[in-house]
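Subject: Structure handover

Hello,

Here is the structure I said I would pass on. My notes on it follow below the display.

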Amino acid sequence: MRLKRRTALIAATAAVCSLLTGCGAADMTKQASPFAAVRGSKTLTLSVQSWVGAQADVAVAQYLLEHKLGYRVDTVQVDEVPAWDALSQGRVDAILEDWGHPEQEKRYVDDKKTIVRGGSLGVTGHIGWFVPTYLAQQHPDITDWRNLNKYASLFRTAESGGKGQLMDGSPSYVTNDKALVKNLKLDYQVVFAGSEAAQIAQIKQFAKERKPFLTYWYAPQWLFEKVPMTEVKLPPYKEGCDADAAKVACSYPHTPLQKYLNAGFAKSGGKAAAFLKKFRWTTGDQNEVALMIADQKLTPAQAAKKWVDSHPAVWRQWLS
């Protein structure tokens with residue numbers, strides 16, 4: 001997930017990724033849409049991030065663009081920073097869920113002007129450290145970071161080297177967790193699950209066995225409905241406290257998620273560009289679609305159709 005997403009581990013999903021293009025650090029900046037050579041056709045390419053919330057955004061946008069506006073939509077999965085490069089080059093036309101990349105925003109939006117802001121997605125993202133609620137109920141003071149060392153032994157695993165395990169997701173996400181562990185002098189080791197899907201599988205297994213776990217996680221995310229979790233309070237976030245990645249000792253901010261469009265597409269993309277600028281929904285909407293994809297195992301297209309069929313009052317505003 002990320003605030004840089006912090007990708008804060010924000011970017012991905014084994015089961016989910018298999019429905020799309022697959023997980024990994026693929027650099028799609030050199031790959032154009034397979035529809036790009038179809039002259040006269042109404043086509044566009046959307047970047048798909050590896051976490052299921054972003055996949056829900058794209059699934060619904062793609063369904064409506066194809067079924068209501070007559071476009072052919074291609075999707076490519078790109079890691080967060082390379083996605084900005086691809087968007088600048090016109091290899092993709094839009095990113096629908098960005099968790100905050102100030103360096104890329106300054107370079108491409110403010111300086112080069114090859115990317116333009118597409119407006120708010122309507123969803124606010126937040127990354128944090130979480131423990132299962134059943135553990136927080138047993139040990140109420142565990143939700144204060146200053147007490148984490150007291151409970152480090154509860155979180156030891158074979159991978160954490162005798163320290164408590166702080167579980168992160170994909171190494172491709174940008175997170176502050178290693179710096180936080182070091183700067184807050186915590187007796188913990190960051191252990192990467194490998195992907196959002198692998199992290200979800202581990203969390204669900206821990207929860208099934210009612211075992212303790214401490215994990216990097218983010219909202220909005222459908223998993224909270226299946227595994228209730230309580231956030232551990234880190235030192236409060238203040239503007240600029242995360243400016244130096246090596247010295248971070250504060251929590252992650254709450255970030256209104258944003259959309260970005262290639263500047264050329266924003267000007268000449270017609271109804272598709274106008275639609276994407278108006279595309280705005282709630283956390284509840286996104287979680288509804290994400291839950292269908294990741295937990296109920298619908299394909300993104302099936303989940304999108306089901307949501308579209310039951311929420312016409314929401315999406316018709318995006319077409320007007």
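A residue is called buried when its relative accessible area is under 20%, exposed when that figure is over 50%, and partly exposed in between. Please keep in mind that this is a predicted model.

Disulfide

By the cut-off above, Cys250 is buried, because its relative accessible area is 5%. Cys241 has 24% relative accessibility and so counts as partly exposed. These cysteines are a bonded pair: the sulfur atoms of Cys241 and Cys250 lie 2.0 Å apart and form a disulfide. A disulfide is a covalent bond that joins the sulfur atoms of two cysteines. The torsion about the S-S bond of Cys241 and Cys250 is about 85°, which means that the disulfide is right-handed. A search of the whole structure turned up one disulfide.

Salt bridges

How many salt bridges does the structure hold? There are nine. I describe some of them here.

Asp295 takes part in a salt bridge with Lys204, where the closest N and O atoms are 3.8 Å apart. This pair links distant parts of the chain, 91 residues apart: Asp295 sits in the loop between helix H10 (283-294) and helix H11 (300-310), and Lys204 sits in helix H7 (residues 196-208). Both residues fall in the middle class of accessibility. Asp295 is partly exposed because its relative accessibility is 24%, and Lys204 is partly exposed at 35%.

Asp295 also meets Lys226 in a salt bridge, at 3.3 Å from N to O. Lys226 lies in the loop between strand S7 (214-219) and strand S8 (229-232), and Asp295 in the loop between H10 and H11, so this pair ties together parts that are 69 residues apart in sequence. The relative accessible area of Lys226 is 46%, so Lys226 is partly exposed.

Another salt bridge pairs Lys150 with Asp141, with 2.9 Å between the closest N and O atoms. Is Lys150 buried or exposed? With 56% relative accessibility, Lys150 counts as exposed.

Helix packing

Helix H2 (residues 52-67) packs against H10 at an angle of about 100°, and the two axes are 8 Å apart. That angle makes H2 roughly perpendicular to H10. Which residues meet there? From H2 they are Val52, Gly53, Ala56, Asp57 and Val60, and from H10 they are Gln286, Val289, Ala290, Ile293 and Ala294. Sorted by type, the residues of the contact of H2 with H10 are seven nonpolar, two polar and one charged.

A pair far apart in sequence

Gly90 is found in the loop between helix H3 (80-89) and strand S3 (94-98). Its relative accessibility is 35%, so Gly90 counts as partly exposed. Gly90 and Asn262 are 172 residues apart in sequence, with 6.1 Å between their C-alpha atoms.

Regards

Note on methods:
Residues numbered from 1 in each chain as written. Predicted model: local features only at pLDDT ≥ 70, side-chain atom pairs only at ≥ 80, totals over all residues. Heavy atoms only, no water. Disulfide = S-S within 2.5 Å. Buried < 20%, exposed > 50% of the residue type's maximum accessible area, 1.4 Å probe, protein only. Salt bridge = Lys/Arg side-chain N within 4 Å of Asp/Glu carboxyl O. Helix = DSSP H or I, 4+ residues; strand = E, 2+ residues; numbered from the N terminus. Axes fitted to C-alpha atoms, helices over the stretch in contact; angles between N-to-C directions. Parallel < 35°, antiparallel > 145°, perpendicular 65-115°, else oblique. Contact = heavy atoms within 4.5 Å. Nonpolar A, V, L, I, M, F, W, Y, C, P; charged D, E, K, R; others polar.
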